[in-house]
Amino acid sequence: MSPAIQLIAINKSFGAVHANRHVNLSVERGTIHGIVGENGAGKSTLMSILYGFYEADSGEIQVNGQPIAIRSPNDAIQAGIGMVHQHFMLVEPLSVVENVMLGAEGGAMLRVGEAMVRAELARLAKDYGLEIDVDATVGDLSVGLQQRVEILKALYRGADILILDEPTAVLTPPEADALFGLLRSLKEQGKTVILITHKLREIMAITDRVSVMRRGEMVATLETANTSPPELAELMVGRRVLLRVEKAEKIPGAPLLEVDNLSVIDARGVLRVANASFTVRAGEIVGIAGVAGNGQSELLEAIAGMRHPALGSIRLEGQTIHSSEHNPHRMRQLGLLHVPEDRLRMGLVPAFPAFESAILGFSDEPHLGRGPILDHDRLIADLAKKMEQYDVRPPAPRLKSSKFSGGNQQKIVLAREIERNPRVLLVGQPTRGVDIGAIEFIHRRLISLRDAGVAILLVSVELDEIMNLSDRILTMCGGRITGERRASETNEQDLGLLMAGVTDEAA
Amino acid sequence: MSAPLDLPKWADTVLVPAISVVAAFLVAGLVVLAIGENPLTATRYLLQGSLGTGEGLGFTLFYMTDFIFVGLAVAVAYHAGLFNIGGEGQATLAGLGIALVLNNLTFLPGFLLIPLGILGAAAFGAAWAAVPGYLQAKRGSHIVITTIMFNWLASVLIVYLLVNVLREPQSMNPETRAFPDQSHIPFMHDVLAAFGVEIPASQLNLTLVLALAASYFVWLLIYRSRLGYAIRVVGSNPTAAVYAGISPARIIVIAMVLSGALAGGLAVNELMGYQHRLLLEFTSGYGFVGIAVALMGRAHPVGIILASLLFGILYQGGAELAFEQPAITRDMVVVIGGIIILFAGALDGLFRRFVAHLFTRQKLARA
C-alpha cells in the first residue's frame, strides 16, 4: 500500500534563507505521525507547502501514490488534506454550523447547505465521538471546543489526512487528553494524522512514528516505540541537552513581594484577576500554572504597574506601594524588574536595532548618555559585552531586533533585566518560542538568580517548565488562584485539576 | 510570511526613491505627450527655470525652505505614530503669532525682535497642534480628523481676524500693516552682497539656514536623544512603551507640539523673510506638500532635505514651464507633482519589492 503522503526532495527558500533543504517525508496511511524540531527548523514551512500556502521551489508531493500539484489550500482540500492551525481560523460571532459551512455553502441560498452540514455533523458526532452543540456561538465555546470546530471543518471538507500545528498549546491537560483520545479514534477509522509539536511528551504518548527536522533538513524518522525524549532532543538540537535543570533545595528568606487581595478589571469591564493574595520570598521561585488567558498576564502587568488594580495592593520588601507610584518606571527603580510574556509586543521593539531594544525601560538612566543625548557607542559596547555573556547569536548589537531568533531575542531581554540586579523578577513565558538549547541556558540563569537570593515570580503555560523551576506552584483559573502546592509534592494530574478550576475545597 | 525585503541602506534610501522619481517623470512625460507637447522640451524648461539661472535657483531654494519645515513637522509626528496633516492650520496660526509679536513690539531692535518673532511662530503653531494632540492622547479622537478640522478652523479664524480685527482701517486688503523694518529676516542676496558676493535678487532669505539647522536638530532629537527614543518607541510599539514606563499620552502631546512648532517655520520663511505682513492664504497648500515630502524622505531629515529640493525644483520650474509653454498650465504642473507623490509615496513598495528581488537573486547567484 502506498503511503498517504510522500514528499520527495522538497526545497524552499525565502530570500537567502533555505527553509527546507531536500526534505523527504513518508507518512503511512492510518498512522499518527509526529514532526518535531526547534523553531525555525522548517516544520511549518513544510506543512505550509503541503497545504498549499507556499509552493516548493523544487520537489514532488504524492498523495496516496499519485503525484499532484498543490498550489492553494483548495488543491490540498481536494486532495483530502485538512489543517488545524495553531491560531484558529474561526468567525467568533457565527454559530458552529455557520463556521463549518463557511466557504462550502453549496449555493447562493444557505438552506440546502445548512441541512447538509447538520446531517454531516450528526454523522461525525456518531462516528468519532465529536459531539458539539451545533447552534452554539463559536465565541462562547471553550478553546478546546473551538479546536473541535476546526477539526470538524476539516472533516466536513472530506479530509483523510489531518495536519495539526501545535494543537495543545492552548489546552488544559484534560483537554489535551480529550484531543488525543479523538486523534486515536480518527486513526482507528483509517484517517492519517500529522502532528507538529515541540512537546516531546506528546510525541511519546500518541504518535506511531516521528520525524525530526533541524535547520531545514529532515534528520531522522524513527519508530516512536524505539526512541526516547533525550534522543529526540539531541537530534533536534544537534548536541546533548539537559531536559531538566538541577537545582538544590534552598530555604527561602524574607518575603520580598507580597500581593494582597489584588483584583484587576480590564478596559472592557471584565474581571480578570479576582482577589489574588500570595507572597514570594528571597531565593524562591513561585510558579503560576494555568491555561493561557486565565488572568496570569493581567496579574503580571498589574504587579509591574502597567495596569491599575481595581482593588488590593502590593508590598515590596515590606513597603506598601502607593497607587501614585505604582507605575513601571517607579517599580524598576525599586528593584522590581519584568521579563514580559510577549517579547515582540512588549519586551523589545522589533524595528529597533538590538542595542536600542536593550535599553527599553531604562532609556533615562543617567549613565547611558550625556544629558538628553544617548551615547550610542556606549550602548553598543554594553550590549556587545552582554551578548558575549549570554551567548547571543549573532553577536551583532546593530542588527535589527526582529532579525534575531526567538531564543536570542529572549536572551537580549533577560540580559537587560537580569544585569540590573533585580530584587524581584517577574518572568512571563520565558521560553515561549525558544529553542531547546536556549531553554536550558535560560533555566540555568533563572535558577542561579534564585540561588543569589532574588524573588522570582514565574508565569508559564508550559507545565513542565513550572514544575521544573518552581519551589512553590500556584494555579490560576478564571482569574482566581485555585490552589497552592509545593513543587516536590504535586504532579501533573493534581495541577491539571486545579488549573481546570477544581479547587481544594470543592474536591 | 513574505520574502524578507532586505536592502543595503544605500539602495533603500537612494536607489528606490530615485527609481520612483524617474518612473514618475516618465509617466508625467506621457501626460505631456498626450496634450501635444514635447516632454523633452518641457523637462528642459523645468530644469532651466529652477536650476539654470541664479534667480531661478534662489526661488527653488526659497520653496525648499518651506518644504523642509513642513516635511520635518510631518516626520516628527510620524515617528510618534501620528499622521499630522494639520501643517496648513498650524502654519497659519504661526503667522498670526508672528504678526502679534512683530507689530506689538515695534520698539525692540532687530536682534531681539527676529528671535521673538520666530518664537511666536513656534509657540502659536505648537499650541494649534497641541489641541488635536491632547484630544488624541486623552480622548482617542483621531488625529487625522481633528487636524483636518483644525485646518478649516484656522482658515476661517484668520479671515475673521484679518477682515475685522487686524486690518489697517484705511486699507481695503485683508492684511496687517507691514512688519517693522528691523524685523525682516535678511535676503540672501543682501547678506552675500555684504561679503562682496553678488547673486541675483530673489525671495531666498536666511530662513534657509534656520531650516537646515532645524533638520540637524530633528535628526539629533529623533535618533540620538532620550526623548526621541521615547517618541520612536511609542510610534512603533505602543504596548512596549507602556511596558517601558513611557506614557504614550504624554509623548503624543509632546510630538504634536514639536510638529506644530516646526510647521511654524513655513510662516517664518513666507512672512518674516518675504511678505513682511500677515495676509490670507500665505501657506498656499504647502502644509500638504509636507506630507509628500516626509513620505518621500522616509521621515529622515536628510531625505526630507533632498525631497524638499525636488519639490522646490518642481514648483519653481513648473511656474517657468507654465509661462513658457502655455499649453502646460499651472494645473498640469500640479498633476505632475501629484504623479510624483503617487510614485514616491503610494507606490514606493512596488519598486522596493522589485529591487529587493534583484538583490536576493544576485546574492544567491554569488552564493
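Visitor: Leaving aside its neighbours within four places in sequence, which residues is Ile98(B) in contact with?
Guide: In this predicted model, Ile98(B) is in contact with Gly117(B), Gly120(B), Ala121(B), Ala267(B), Val268(B), Leu271(B), Met272(B) and Leu278(B), where contact requires C-beta atoms within 7 Å.

Visitor: Why is H14(A) called roughly parallel to H15(A)?
Guide: Helix H14 (residues 406-418) and helix H15 (residues 436-451) of chain A pack at an angle of about 15°, with their axes 10 Å apart. Angles under 35 degrees count as roughly parallel, and therefore H14(A) is described as roughly parallel to H15(A). The crossing of H14(A) past H15(A) is left-handed.

Visitor: How many residues of each class has the contact of H14(A) with H15(A)?
Guide: The contact has five nonpolar, two polar and two charged residues; among those making it are Leu414(A) and Ile418(A) of H14(A), and Ile442(A) and Leu449(A) of H15(A).

Visitor: How do you know which element supplies the largest share of the side of chain B that touches chain A?
Guide: In all, 21 residues of chain B are in contact with 23 residues of chain A, and H9(B) contributes six residues, the largest share of the chain B side. By class, that side of chain B has 11 nonpolar, six polar and four charged residues.

Conventions: Residues are numbered from 1 along each chain as its sequence is written. Chains are lettered from A and ligands numbered from 1 in the order in which they are written. This is a predicted model: local features need pLDDT of at least 70, side-chain atom pairs count only at pLDDT 80 or more; totals for chains, interfaces and linings use all residues. Two residues are in contact if their C-beta atoms, placed from the backbone, lie within 7 Å. Helices (H or I, at least four residues) and strands (E, at least two) are DSSP runs, numbered from the N terminus. Ala, Val, Leu, Ile, Met, Phe, Trp, Tyr, Cys and Pro count as nonpolar, Asp, Glu, Lys and Arg as charged, and the others, Gly among them, as polar. Axes are lines fitted to C-alpha atoms, for helices over the stretch in contact, and angles run from 0 to 180 degrees between N-to-C directions. Angles under 35 degrees count as roughly parallel, over 145 as roughly antiparallel, 65 to 115 as roughly perpendicular and the rest as oblique. A crossing is left-handed if the near helix is turned anticlockwise from the far one by less than a right angle, and right-handed if clockwise.
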